[in-house]
Amino acid sequence: MLEKLISIVAEQLNVEEELVNPETDFRKDLGADSLDLFELVSALEEEYEVEIPSEELEKLNTVQAVADYLEEKGSWK
C-alpha cells in the first residue's frame, strides 16, 4: 500500500522512488511547490477516489501524513 503511494509521489514530483519514504516532506525534502502539490493531490484523489479539501493540504506535508489521511477516510487500497 505504502509502495503505491510512494510510486505516485515519485512520479508526480519527478523524483526517484529511492528519495521517497514515509517521513519525506514534499516541500523540504523534494522541493515541491504549490503547483506540484496541486498536481499530486489531483493524482491522489483520482487513484484513491477521495476528495482532499484544500484546508487539509497544510497538514499533509509528508508521505506518512497522506497515508494516515487516506486510511482515516477509508480510501486506502
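Author: Helices in this text are DSSP runs of H or I with at least four residues, and strands are DSSP runs of E with at least two, both numbered from the N terminus. The model is predicted: local features need pLDDT of at least 70 and side-chain atom pairs count only at pLDDT 80 or more, whereas totals for chains, interfaces and linings use all residues. Residues are numbered from 1 along each chain as its sequence is written, and side-chain values use heavy atoms, leaving out hydrogens and water.

Reader: Let's start with Thr62: does it count as buried or exposed?

Author: Thr62 is found in the loop between α2 and α3 (63-72). Buried means under 20% relative accessible area, exposed over 50%, and partly exposed in between (1.4 Å probe, protein chains only). Because its relative accessibility is 17%, Thr62 counts as buried.

Reader: And which backbone nitrogen lies 3.1 Å from a polar atom of the Thr62 side chain?

Author: Thr62 touches Pro22, Glu23, Thr24, Asp25 and Phe26 (heavy atoms within 4.5 Å), leaving aside residues up to four places away in sequence. Its side chain also has a polar atom 3.1 Å from the backbone nitrogen of Ala65.

Reader: Turning to Asn21, which residues does it touch beyond four places away in sequence?

Author: Asn21 sits in the loop between α1 (2-13) and α2 (34-48), and it is partly exposed because its relative accessibility is 32%. Glu3 is 18 residues away in sequence, yet the two C-alpha atoms are 9.0 Å apart in space. A polar atom of the Asn21 side chain lies 2.8 Å from the backbone nitrogen of Glu23. Beyond four places in sequence, Asn21 touches Ile6 and Val63.

Reader: What feature does UniProt place at Ser34?

Author: Ser34 belongs to helix α2 and, with a relative accessible area of 52%, is exposed. UniProt positions follow the numbering used here, with feature names shortened, and annotations may be inferred rather than shown by experiment. The unreviewed entry places this feature at Ser34: "modified residue: O-(pantetheine 4'-phosphoryl)serine".

Reader: Which helix gives the most to the lining of the largest pocket?

Author: About 270 Å³ of space lies in the largest pocket, and of its 14 lining residues the closest to the centre are Arg27, Leu37, Leu57, Glu58 and Leu60. A pocket is an open set of points on a 1 Å grid over the protein atoms alone, where a 1.4 Å probe fits, with protein on both sides within 12 Å along at least five of seven lines; lining residues have an atom within 4 Å of a point. By class, the lining has eight nonpolar, three polar and three charged residues. The helix that gives the most, with five residues, is α2.

Reader: Which residues of α3 are buried?

Author: The cover over the buried part of α3 includes α1 and α2. After the helix comes Gly74, with a positive phi near 75°. The buried residues of α3 are Val63, Ala65, Val66, Ala67, Tyr69 and Leu70.

Reader: What is the phi of Glu49, which is not a glycine?

Author: Asn14, also no glycine, has a positive phi of about 55° and is exposed at 72% relative accessibility. Glu49 lies in the loop between α2 and α3 and is exposed, with a relative accessible area of 67%. Its phi is positive, at about 50°.

Reader: Finally, how far apart are the end C-alpha atoms of residues 1-74?

Author: UniProt, in an unreviewed entry, places the feature "domain: Carrier" at residues 1-74. That span is 50% helix and 0% strand, and its end C-alpha atoms are separated by 13 Å.

How values were computed: A polar contact is a pair of N or O atoms within 3.5 Å; within protein, one must be able to donate a hydrogen and the other to accept it, and residues adjacent in sequence count only if both atoms are side-chain atoms. Grid points are joined across faces, edges and corners, and a volume is the space filled by probe spheres set on the points. Ala, Val, Leu, Ile, Met, Phe, Trp, Tyr, Cys and Pro count as nonpolar, Asp, Glu, Lys and Arg as charged, and the others, Gly among them, as polar.
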